[in-house]
Structures are given as C-alpha cells and as structure tokens.
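Subject: Handing over the structure

Dear colleague,

My notes on what was found follow directly below it.

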Amino acid sequence: MRVFAKIAAVAALAVPMLIAVPGIASATTPGGCSSVTQIGSTAYLNVGGQTMASVKQYKGCGKNYSYLYVWEGYRSSHSSWDVCTAIVTTGGHVQDPQCDHNSVEIWSSGAATLSECTQALGWNGTGPIPYSGEIAVKTDVRC
C-alpha cells in the first residue's frame, strides 16, 4: 500500500507539470473576436537557417485575421527581433498590417476581406509592408 501511495503522489505532482509544458504556437484569439477558425495551411518563416515564426490565417466575426508566433528556439537564441503580420489579397493589397518589437505573438486587428481571396503574410521587419532584404512568407490562398 505504501508503494501505491508514493506512485499516486508522484502522478498527482506530474499532471500539472504536463499541462503547463508549452507546446508549439497556441493561438488564443484576436482582440474583439471571441471565436476564430484557422483557414488554410501554416507557413513557416525561416531566417538565417532557423525557424523564426509560424504564420496562420483565421476567419471569424466577419473578418480575416493573420497571426504570427515567434518560436521559443528563436527567442532563446536572439536578444532582439522585429516581426509583422498582415492579410494580403491575391491582388497584392496588404490589409491590416501589425508590427512589433520582441513580441511572442501578433494578431492583426481584422480585415473585412471574407469575400476576397486572401493569404496571411508574415515577415521579419518593421512594416508596414515587407521591404527589400526582409524575409516574408505567405500561407496558401483561401477564397
């Protein structure tokens, strides 16, 4: 019985640790919209031979949202970074760019583009559009 009690105690301590372990990009929701659904594939922003971030497109609350998550491996090996994310139409119009310095995740504020074909765009830079020398990536086109 004593061995069983020790095993149960260890298991009880281990469960919260398993739940708290961070995984790959766990997107919350954008401000002002309580429910979104990912549409299309996830794109990966590779900078200097390392995966810097994941980029995803979501729909919800009558809008398209772009989401960028900077990977922990990149954050732990760099002291500073700039990233941006936006929705881009297939006509090349950048909608709703959001940029930040040293952010872990960025949501766009939402583009009224559900009636258009769009992609989420993510890049390493300061915006409002990707400039020469900055690395950008897009998700697949969703109509």
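This is a predicted model: local features need pLDDT of at least 70, side-chain atom pairs count only at pLDDT 80 or more; totals for chains, interfaces and linings use all residues.

Residues are numbered from 1 along each chain as its sequence is written, and side-chain values use heavy atoms, with hydrogens and water left out.

A pair of aromatic rings is described by the distance of the centres and the angle of the planes. Tyr 58 and Tyr 67 form an edge-to-face pair, with 6.2 Å centre to centre and 90 degrees between the planes. Both Tyr 58 and Tyr 67 are buried, where buried means under 20% relative accessible area, exposed means over 50%, and partly exposed lies in between (1.4 Å probe, protein chains only). Tyr 65 and Trp 107 also form an edge-to-face pair, at 6.4 Å centre to centre and 85 degrees between the planes. Because Tyr 65 lies in strand 3 and Trp 107 in strand 6 (residues 105-107), this pair ties together parts that are 42 residues apart in sequence. Tyr 65 and Trp 107 are buried as well.

**The chain as a whole**

The chain has 2 helices and 8 strands; helices (H or I, at least four residues) and strands (E, at least two) are DSSP runs, numbered from the N terminus. In order from the N terminus, the elements run α-β-β-β-α-β-β-β-β-β. Of the 143 residues, 36% count as buried. If contact is taken to mean heavy atoms within 4.5 Å, then 53% of the contacts between residues at least 6 apart in sequence join residues at least 24 apart.

In which order do the 4 strands of the open sheet lie? The order is 5-4-7-8, and the pairing is antiparallel, two strands being paired if DSSP finds at least two bridges between them. Strand 5 and strand 8 are the edge strands, since each pairs on one side only.

Why is strand 7 (residues 118-123) described as largely enclosed by the rest of the structure? The reason is that 6 of its 6 residues are buried. In a regular strand the side chains alternate between the two faces of the sheet. Both faces of strand 7 are covered, with Thr 118, Ala 120 and Gly 122 buried on one side and Gln 119, Leu 121 and Trp 123 buried on the other.

**The nonpolar cores**

A nonpolar core is a set of buried Ala, Val, Leu, Ile, Met, Phe, Trp, Tyr and Cys residues joined through side-chain atoms within 4.5 Å. The largest one has 14 residues, of which Met 52, Val 70 and Val 83 touch the most other members. The elements that give two or more residues to this core are strand 1 (37-47), strand 2 (50-60) and strand 3 (63-70). A second, separate core of 7 residues includes Cys 33, Tyr 58, Tyr 65 and Tyr 69.

**Backbone details**

The peptide bond from Gly 127 to Pro 128 is cis, with omega near 10 degrees, and Pro 128 is found in the loop between strand 7 and strand 8. Asp 96, which is in strand 5 (residues 94-101), has a positive phi near 60 degrees although the residue is not glycine, and at 16% relative accessibility Asp 96 counts as buried. Asn 102, in the loop between strand 5 and strand 6, likewise has a positive phi near 60 degrees, but Asn 102 is partly exposed, with a relative accessible area of 32%.

With kind regards

Conventions. Rings of Phe, Tyr and Trp (its six-membered ring) pair if their centres lie within 6.5 Å; planes under 30 degrees apart count as stacked, over 60 as edge-to-face and the rest as tilted.
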